[in-house]
Each structure stands twice: as C-alpha cells, then as structure tokens.
Amino acid sequence: MTTPILLRVDSSLASTEQASVTRALADRAVEAYLAAHPDGEVRTRDLVASPPPHFDPVAQAARRRGDTLTPAESKAAALADEYAAELRDATDLVIGMPLYNWGPPSTLKAWFDHVIASPIARHAQTMEPMIKLRSARVIVARGGAYGPETLRAGWDHATDWAEKSFTAIGVDLEVVAVEMTLAPGRAYLAEFEHVYHRDRAVAEERLAGAFAVGAA
Ligand SMILES: Cc1cc2nc3c(=O)[nH]c(=O)nc-3n(C[C@H](O)[C@H](O)[C@H](O)COP(=O)(O)O)c2cc1C
C-alpha cells in the first residue's frame, strides 16, 4: 500500500491567526485527512510564503521545440515541473482560494500558469490532461455574496476559472464555498452575518466527512 498524500495549496494573504477562513478550513481538511488516513502524509504548498514568479512563455516554447535551454529557461522549466510533480504525486488535493477583486489570488493564477506548462500536468503535444487524483477540493472564501439574487451575481470569476481550468490538467474540483466572510465584526453587514455562519458550518461539516471511508 502506498502512503496517501494530501497536497494542500494555500493562497490567502492572511494567516490562520488573522482569521483566514480558507486556511482555517484547510486545517479542518488536514485533520479529517489524517483521521481517515493515520498513515497519510500532508504536503503544503504555501503560495504566499513562497510566491511563484510570473510565468515566462519563452522557456516553455523552447522546451516544446526541443531546443537546448538556457540556464534561465532550465530554471523556469524545473519550477513548472516541481509544482506539477507535487500534483502528480498527490492522492488528494485541497486548495484554499480567497476571492480577490473578483478573481483568484494572483499567486494561485501564477502557480497554475506554471503547472499547466509542465508536461507532467498536460501532455506537450496532445494536450492530454495528465493529473490523476482521487479527490480534489477548492475552498472558496468570499467577503461578500454572489448568489443569483445579489447585485454581484456573476462577478465571482475565481470559482468559474478554477472549476474549468483545472479540468485541462485532469482535475475535477469540488467547490466548498463560504460567503459573507467580511460580515462578522462589521456593523453595516450585521444583517448578513448569519450567511457566513451558515456557510462556515456547512463547510466544516463537509470537510470533516470528506475523507471518511467511502467518501474518497
Ligand atoms: C485584496 C483583497 C481583495 C478582495 N476582493 C474581494 C472581492 O472582490 N469580493 C469579495 O467578496 N471579497 C473580497 N475580498 C475579501 C476576501 O474575499 C475575504 O476576506 C476572504 O475571506 C479572504 O479569504 P481568507 O479569509 O482565507 O483570508 C478581498 C480581500 C482582499 C484582501
């Protein structure tokens, strides 16, 4: 039996101590994982502690042509492969993704730009998705509300981006979302605080049971 590996990817600028919802919920996922898999391993890729550089397409193009890479191109290719190999080697995946200015955190986008450039994640010629995970979740935290009845309906471009883009590398993400995370402690949002508490409780419960036997 190989050791099950949970890859945890964090992208919140806040720490758990500063009340990051995605980091706190990712902690729950880790606890649930280790409870379900006492022999399991958790690997963390914190994109704020170690931000990825912006992607440079020159290295990828040189690699695709089979050119001899310059030292800088080799370094870029190695980074893409390092990120992608973490996904390849994982059994399960959990990503923490705050909504920042109606999109994903720039670190998460930059990380994905590298991942998808690696032939480990997507075949360079056929574009075949190469990553095979048992389960994959994205924990989304939104300061406001984005339901169909809200003024900002359709403005969450992060969740849609993540759900669609990750399929290109073979990853089907299950979304665990919490809205109105900015409501607690803000009097002008007090009437919406129940939404946050409701979503948070549902998310905690879903993550607690996520890795139980039979739940993947
Ligand atoms: C730079 C920045 C941009 C943000 N933009 C949005 C936004 O567009 N929509 C929204 O609902 N909340 C926005 N927020 C609030 C965050 O989504 C919210 O605080 C969320 O809980 C952050 O995730 P975390 O709790 O894991 O840190 C923004 C916060 C920051 C710091």
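Helix axes here are lines fitted to C-alpha atoms over the stretch in contact, with angles running from 0 to 180 degrees between N-to-C directions. The helices themselves (H or I, at least four residues) and the strands (E, at least two) are DSSP runs, numbered from the N terminus. Keep in mind that this is a predicted model, where local features need pLDDT of at least 70, side-chain atom pairs count only at pLDDT 80 or more, and totals for chains, interfaces and linings use all residues. Residues are numbered from 1 along each chain as its sequence is written, and side-chain values use heavy atoms, with hydrogens and water left out.

Let's begin with α4 and helix α5 (residues 157–167), which pack at an angle of about 10° with their axes 12 Å apart. These two helices are therefore roughly parallel to each other (angles under 35 degrees count as roughly parallel, over 145 as roughly antiparallel, 65 to 115 as roughly perpendicular and the rest as oblique). Leu108, Lys109, Trp111 and Phe112 of α4 make the contact with Trp161, Ser165 and Phe166 of α5, contact meaning heavy atoms within 4.5 Å. By class, that gives five nonpolar residues, one polar and one charged.

Now over to α2 (residues 57–65) and α3 (residues 71–89), whose axes come within 9 Å and cross at roughly 90°. So α2 and α3 are roughly perpendicular to each other. On the α2 side, Val58, Ala59, Ala62 and Arg63 meet Glu73, Ala76, Ala77 and Asp81 in α3.

Which residues of α2 are buried? They are Ala59, Gln60 and Ala62, where buried means under 20% relative accessible area, exposed over 50% and partly exposed in between (1.4 Å probe, protein chains only). Seen down the axis of α2, these buried residues fall within an arc of 165°, so they line one face of the helix; the arc is that of the directions from the helix axis to the C-beta atoms. The buried residues of α2 pack against α3 and α4 (106–117).

Asp56 caps the N-terminal end, with a side-chain oxygen 2.9 Å from the backbone nitrogen of Val58. Just after α2, Gly66 takes a positive phi of about 80°.

Last stop: Ser12, in the loop between β1 (5–10) and α1 (21–36). Ser12 is buried, with a relative accessible area of 5%. A polar atom of the Ser12 side chain lies 3.0 Å from the backbone nitrogen of Ala14. Not counting residues up to four places away in sequence, Ser12 touches Ser20, Thr22, Arg23, Val48, Pro98 and Tyr100.

Notes
A polar contact is a pair of N or O atoms within 3.5 Å; within protein, one must be able to donate a hydrogen and the other to accept it, and residues adjacent in sequence count only if both atoms are side-chain atoms. Ala, Val, Leu, Ile, Met, Phe, Trp, Tyr, Cys and Pro count as nonpolar, Asp, Glu, Lys and Arg as charged, and the others, Gly among them, as polar.
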